[in-house]
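Trainee: Before we open the model, could you show me how to read its features one by one, with the general idea ahead of the particular case?

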Amino acid sequence: MQEYFLLFMGAMFVNNIVLAQYLGNCPFIGTSKESGVAVGMGGAVVFVAVMAAAITWLVQRYILLPFGLDYLQTLAFILVIASLVQFVEMFLKKMIPALYKSLGIFLPLITTNCAVMGIALICQREEMDLLTTVLFAFASGMGFMIALILLAGIREKLAVRRLPMAMRGTPIGLVLAGLMSLAFFAFKGMI
Amino acid sequence: MNRLWKEFSKGLWKELPPFKLVLGLCPVLAVTNTANNGLGMGMAVIAVLTLSNFVVSLLRKLIPPKVRIACFIAISATLVVAVELLMQAFSYPLYQQLGIFVPLIVVNCIILGRSEAFAYKNPPLLAVADGLGMGIGFTLSLTFLGSLREVLGAGTLFGVAVMGDWFVPLKIMVQAPGAFICLGVLLALMTYAENVQRKRKGLAAVQGATHDCGSCGGCANVAKSQ
Amino acid sequence: MKEEIKMIVVLSLICGLSGISLAALKQVTAPAIEEQVLTYVQAPAINSVLSDHDNNPIKDRKSFDVDGRTVMVFPAIHDGKLTGVAFETSGKGYGGKIGVMVGFSLADGVLSGIGITTMKETPGLGSRVADLSYTSQFSGHAADSVKLKKDGGDIQAVAGATISSGGTVSAIQNAIGIFNALKNSFGKGWS
């Protein structure tokens, strides 16, 4: 039990997917201007990351490895993720329109979100089992969401402050992300 | 000829990724802890980008618009796997250094973005020029950022010590916070330089480069569905 | 309808073509990749565990079959004479598989050294089985009864890491078994 707790905290804070592993930076900077949008994007990433990690794990274990096709990992994973995103989008639209309304527009963005593919790849490289994979993907997704919401909160406050013209927009977003990453370093002593 | 040069050269300054066209940030931040890694990643991106532009452009009449994104992904993923194999075969240490960021080239917005915004609408020769230009611009930027961080963070450049004994390396520069701050400050400096020029011409100042989603494949879909 | 058929045909055509070309590329690059992996991942361990040699153990490697398993053996050749061999075995540690490269000296049948190739042990604790203070105990050790002190042997386990130490020892015992089974066929392999 303790092992899983450490894995969870480690993936969420210590090795935060955005701030320490450099994954998913485009949406991190791109969708962190309003906290409402940040919550939607974060939710979509958690949802898709968990499903993608589980499915790619099964694909790797039961299709790629038995047939000696593991060199096609990249190709297989991206195709799985792309079709998964399409499928989830269609499913939500039909079955849960309320959720689709809040997550729908972020779903297509997720195909090119390297956090999702990155999580799936890390799980394979670390040779995790299925349960660990799902837990790790969930924790990493939550880590992404936390970082995104925090950054959005700060940027909302900054939007009404006077900043040098050249710093506005993406530059200040990146500098803030750097400072947050520095703050997250403090978690390194925790585990 | 003129047109060819125009498409090639725009990637070198006017639309220089990732500084002017803020795209594909993950590899930009992750692998620029040394100049060498930046250069290696850049080379891989040049290869994939140029070839994917070429193939997409060749097949542009064949690919039905409805499934074009899926086709782009399949094409670029194939090229990425090829680059992965070649890198393992001929430059294994670099492959180990870059880690999961080699397979992640496939989700780099630049690749899909150029397929969608340029290669799908233009003939092969122009598409190759565009891919080469963008790729070389990207490589130069990555190498520059990598050099800067390596010099400040470790006191070396391409692994050779360049700073004197007095220099105390700022370890933080080769780690994650340094990556974010360095890129942010560079973006701001470039915008500042542009604003000085604009002021001379009597134009209003602009704000820092924005994360340009317009030319990214996935984002284009969002814009459409909204 | 016609458009849909075209969609499917084009997509499967692209996927099929990419599959074929990648399979071909894999075929072509496979030997080079194996060479590179051995040179960069295994070579440091191999060279440190083998006794004096003037050949390239990686270039001269040969596979042998033991109990239905294939073992890649790296020879040490000095002045045209085979003096030692090394190969990799694995044992179960705390965090997963521990890969151990074990070197044997042929003249006196003792271990010429061991080196840890892969492991996922706890940093600072189990990971200390890779330290020279632990691994050097095996250099020159007779290749028969390798046991931890607590099992009546003479190997001092790493303090606080009995499982990791046990994993390496069982890997070495495993290697000794393979060595004894192959001892007589080595001479024929290289001359």
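Mentor: What follows goes from the conventions to the fold of one chain, then to an interface and a single residue. This is a predicted model, in which local features need pLDDT of at least 70 and side-chain atom pairs count only at pLDDT 80 or more, while totals for chains, interfaces and linings use all residues. Residues are numbered from 1 along each chain as its sequence is written, and chains are lettered from A and ligands numbered from 1 in the order in which they are written.

Trainee: How many helices and strands does chain C have, and what pattern do they follow along the sequence?

Mentor: Helices (H or I, at least four residues) and strands (E, at least two) are DSSP runs, numbered from the N terminus. Chain C has three helices and five strands, and along the sequence they come in the pattern α-β-β-β-β-β-α-α. The radius of gyration, taken over C-alpha atoms, can be set against a globule rule of 2.2 Å times the number of residues to the power 0.38. For chain C the radius is 22 Å, well over the 16 Å that the rule gives for 191 residues, so the chain is more spread out than a compact globule. Its C-alpha atoms fill a box of roughly 80 × 45 × 30 Å, taken along the principal axes.

Trainee: In what order do the five strands lie in the sheet, and which are the edge strands?

Mentor: Strands of a sheet pair through backbone hydrogen bonds, either parallel or antiparallel. Here two strands count as paired if DSSP finds at least two bridges between them. In chain C the five strands form an open sheet in the order β1-β2-β3-β4-β5, with antiparallel pairing. The edge strands are β1 and β5 (110-118) of chain C, each of which pairs on one side only. The twist averages 30 degrees from one strand to the next, where axes are lines fitted to C-alpha atoms, for helices over the stretch in contact, and angles run from 0 to 180 degrees between N-to-C directions.

Trainee: How many residues does each of chains A and B bring to their contact?

Mentor: Two residues are in contact if their C-beta atoms, placed from the backbone, lie within 7 Å. The contact takes 41 residues from chain A and 49 from chain B, and the largest share of chain A's side, nine residues, comes from α9(A).

Trainee: Is Glu156(A) buried, exposed or partly exposed?

Mentor: A residue is buried if 20 or more other C-beta atoms lie within 10 Å of its own, exposed if 12 or fewer, and partly exposed in between. Glu156(A), in helix α8(A) (residues 130-158), counts as partly exposed because it has 15 C-beta neighbours inside 10 Å.
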